Amino acid sequence: MATPTTIEQALRQAQGQGLARIDAQMLLLHVLERQAAGRAWLLTHDQDALAATQAQAYAALCARRLDGEPVAYLTGHKEFYGLDLAVDARVLDPRPDTETLVDWALEHMQPVDDSTCRVADLGTGSGAIALALQSQRPAATVWAVDASAEALAVARANARRLGLPVQLAQGNWLEPLAGQAAFDLIVSNPPYIRDDDPHLRALVHEPLSALASGADGLADIRAIVGQAPGHLADDGWLLLEHGWDQADAVACLLREAGFGKVQHRHDLGGIARCTGGQWHHRA
């Protein structure tokens, strides 16, 4: 295959190989170090010449993307809720649909005075959810928890670079927060894929521990629902992201654990992908 000599040729060739248009554009912007200019820049410079080294680097990235590697891993960055996050294979690639969970969490943070609001993000990965919440509620106390030391290293670096004072703790779900004051809000996008789900084969580049969760995909959600009441303030909320077909099952788990006002939020495609409930301490 001929080596492309212009931006237009490079993009056409990548799409001809089966690469999605937006992926082809984002990878080329990365190679050209023009990320800040945005995709419109490619349209206005489509006849600009590519150096041979740029064309070779672009071809290598396209091949890796066609093999299933996320664009965020290839570029090292992902925008989430207006934040530029560093992302690599130590953490999941943050999905746009997870912004639904952030929106919902911010609704519940609104009635609480920022200076006293306490939030925990469980399974934080890159820190995407915790950092988004902290950026929108600067005076709140936000904890980010992950069992993986490698994931916490990514989250810590993101927090430092963004200048956001998220506090980090390593351990399984709420265990490392034992002894902390009660939280007004606990949020999580935990693993929720069944161990035998065939879709896992397409996600080989992402950490399996952050994806799969037992025979029915609900093992980690059960653990969080079981632990949360001991860490929530009265009237506090637990909000969970889950699989496209798990809303009813998660709602049942919450009700069985004693949560009230159980409800759902829908993702960008109109699917119920977040479920939460409010906790009342019994006298």
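Q: Which residues does Asp23 touch, not counting residues up to four places away in sequence?
A: Asp23 touches Arg65 and Val71, where contact means heavy atoms within 4.5 Å. This is a predicted model, so local features need pLDDT of at least 70, side-chain atom pairs count only at pLDDT 80 or more, and totals for chains, interfaces and linings use all residues. Residues are numbered from 1 along each chain as its sequence is written, and side-chain values use heavy atoms, with hydrogens and water left out.

Q: OK, and is Asp23 buried or exposed?
A: Asp23 counts as buried, at 14% relative accessibility. Buried means under 20% relative accessible area, exposed means over 50%, and partly exposed is in between (1.4 Å probe, protein chains only).

Q: Which helix is Asp23 in?
A: Asp23 is found in helix 2. Helices (H or I, at least four residues) and strands (E, at least two) are DSSP runs, numbered from the N terminus.

Q: How many helices and strands are in the protein chain?
A: There are ten helices and nine strands.

Q: Switching to pockets: how much space lies in the second largest pocket?
A: About 730 Å³. On a 1 Å grid over the protein atoms alone, a pocket is an open set of points with protein on both sides within 12 Å along at least five of seven lines, where a 1.4 Å probe fits; lining residues have an atom within 4 Å of a point. Grid points are joined across faces, edges and corners, and the volume is the space filled by probe spheres set on the points.

Q: Which residues are closest to the centre of that second largest pocket?
A: Met26, Val71, His77, Lys78 and Glu79, out of 27 lining residues.

Q: Which element gives the largest share of that lining?
A: Helix 2, with five residues.

Q: What does Glu79 stand opposite?
A: Glu79 stands opposite Asp84 in strand 2. Strand 1 (residues 77-80) and strand 2 (residues 83-86) pair in the antiparallel sense over four bridges; two strands pair if DSSP finds at least two bridges between them.

Q: What about the hairpin, which residue takes a positive phi there?
A: Tyr81, with a phi near 50°, and the hairpin has two residues between the strands.
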